[in-house]
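Please view the sequence and the structure together before reading on.

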Amino acid sequence: MKCDNYVKLTVPALSRNESYARAAVGAFVSQLDPTLDELGSVKAAVSEAVTNCVVHAYAESDTVGIINITARIKGEEVYIKITDKGCGIEDIKKAMEPLFTTKPELERSGLGFAVMESCCDKVKVSSMVGKGTTVTLTFRFDKKVLK
Amino acid sequence: MIKRNGSITAVISGELDHCEAAGIRMQIDPELEHLMPTMLILDMSGVTFMDSSGIGLILGRQRVMESLGGGVTVKNPSPSVRRILQVAGLSRLIISGKKTEE
């Protein structure tokens with residue numbers, strides 16, 4: 001019997017949770033028996049998306065915001081949704097341009113979305129200014145479907 | 001930190017992400033300012049994970065080294081680190097280990 005599966009995580013938008021988030025999602029995805037390359041790609045993409053929440057989403061906020069992460073295995077695909085309720089992105093197309101960064105003083109390279117796109121089969125970004133941002137990462141692990 | 005013939009080697013290990021990058025930067029930059037080397041070698045053989053925060057660290061150190069008239073190289077990156085360097089177009093900085101197409 002085909003069995004889809006999911007996990008939901010909620011963490012404060014703290015830098016020290018970046019490693020936890022990618023490790024937790026990596027552990028969940030490991031049930032598909034990914035190659036080391038595939039697992040590395042999942043962890044790198046999750047790390048980028050979560051770091052964006054930590055660095056940008058709540059930068060102007062007085063309180064520590066929340067990051068919601070849902071990882072879902074559905075057939076041959078893995079969907080990872082990373083959501084914040086922060087400042088939102090005014091111009092998504094611009095934000096996704098390689099080397100574009102609003103925080104060069106923090107040595108941000110502006111390559112977060114480029115890394116996500118190189119790691120995933122699909123990256124979808126939806127955002128509303130003042131409401132928050134959701135990044136959905138899609139991976140296809142062919143023929144590694146849970147039975 | 002290993003100092004030799006005008007160059008400094010910074011041996012980095014563990015996971016190089018946003019959380020760790022600032023601490024590494026704070027260890028390297030004072031040494032660069034003090035010793036003014038002609039080359040900074042970032043030995044990545046012990047780095048088990050890197051994302052674009054590592055790229056920011058490398059590009060930042062490259063700027064510092066260029067202001068000193070020097071340069072930066074990256075030594076022994078793992079395949080996963082190498083892949084992030086490729087995405088950033090920084091494969092040219094790799095000085096040893098297996099070569100891959102940029």
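How many residues of chain A are in contact with residues of chain B? In this predicted model, 24 residues of chain A are in contact with 19 residues of chain B, contact meaning heavy atoms within 4.5 Å. Local features need pLDDT of at least 70 and side-chain atom pairs count only at pLDDT 80 or more, while totals for chains, interfaces and linings use all residues. Residues are numbered from 1 along each chain as its sequence is written, and side-chain values use heavy atoms, with hydrogens and water left out.

**The interface**

- About 1,700 Å² is buried between chain A and chain B, and carbon and sulfur atoms give 50% of this area; buried area is the accessible area (1.4 Å probe) that two parts lose on being put together, summed over both.
- There are 4 salt bridges between chain A and chain B, each a side-chain nitrogen of Lys or Arg within 4 Å of a carboxyl oxygen of Asp or Glu.
- Arg22(A) forms a salt bridge with Glu15(B), with the closest N and O atoms 2.6 Å apart.
- On the side of chain A that touches chain B, the elements giving two or more residues are α1 (17-29), α2 and α4 of chain A (helices are DSSP runs of H or I, at least four residues, and strands runs of E, at least two, numbered from the N terminus).
- The largest share of that side, 9 residues, comes from α2(A).

**The sheet of chain A**

- An open sheet of 5 strands has the order β1-β2-β3-β5-β4 (chain A), with antiparallel pairing; two strands pair if DSSP finds at least two bridges between them.
- Because β1 (5-12) and β4 (122-128) of chain A stand at the edges with a single partner strand each, one side of each is left without a neighbour in the sheet.
- Strands β3 (residues 77-84) and β5 (residues 132-140) of chain A pair in the antiparallel sense over 8 bridges.
- Ile82(A) stands opposite Val135(A) in β5(A).

How values were computed:
Chains are lettered from A and ligands numbered from 1 in the order in which they are written.
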